[in-house]
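Here is a short briefing on a protein fold. Look at the sequence and model first, then read the notes by topic.

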Amino acid sequence: MNELLTEGNAHILSFFQRLDDIEENVRSLSLNRKPVLNGECYLTDLELSERLKVSRRTLQTYRNEGRIPYVQLGGKVLYRESDIERMLQEGYRRAWRLP
C-alpha cells in the first residue's frame, strides 16, 4: 500500500463523488426543512395547493365555506399540517364494488 494517491486515482475520485453526494443531500434537506412551532408545521397557500393538487382559489373557497381550518396573521394565511391530515382522514372513503 505504498501507492501514491493522486487526483486521478479511482479511490480519490470515488471519495470526492461521495462528498458531492453528501453535500447535495444536505442542501436538499436544508431547502425542504420546515420550521416547527410548538411541534406544529404550517403550510402556506402555495405549499398546500401544490400538495393537494388544487388551486389557491379553491383553498380560498374552502376557507370561506368553513371546510378547511386555517390561521390568518395579517394578510398571511397558514394551515396546520395536522389539521389538514385530520381533514383528509375524516374525508377518507373505502373503496366498494357492486357484486
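**Helix α1**
- At the start of α1, a side-chain oxygen of N9 comes within 2.7 Å of the backbone nitrogen of H11. A polar contact is a pair of N or O atoms within 3.5 Å; within protein, one must be able to donate a hydrogen and the other to accept it, and residues adjacent in sequence count only if both atoms are side-chain atoms.
- Helix α1 covers residues 10–32, and its end C-alpha atoms lie 33 Å apart.

**Basis**
- This is a predicted model: local features need pLDDT of at least 70, side-chain atom pairs count only at pLDDT 80 or more, and totals for chains, interfaces and linings use all residues.
- Residues are numbered from 1 along each chain as its sequence is written, and side-chain values use heavy atoms, leaving out hydrogens and water.
- Helices (H or I, at least four residues) and strands (E, at least two) are DSSP runs, numbered from the N terminus.

**Sheet**
- Four strands form an open sheet in the order β1-β2-β4-β3, with antiparallel pairing (strands pair if DSSP finds at least two bridges between them).
- β1 (36–37) and β3 (71–73) are the edge strands, each pairing on one side only.
- Two bridges join β1 to β2 (residues 40–44). L37 has E40 in β2 as its bridge partner.

**Helix α2 with α3**
- D45, L46, L48, S49 and L52 in α2 meet R56, L59 and R63 in α3 (contact means heavy atoms within 4.5 Å).
- By class, this contact has four nonpolar, one polar and three charged residues (Ala, Val, Leu, Ile, Met, Phe, Trp, Tyr, Cys and Pro count as nonpolar, Asp, Glu, Lys and Arg as charged, and the others, Gly among them, as polar).

Notes: The expected span of a helix is 1.5 Å times one less than its number of residues.
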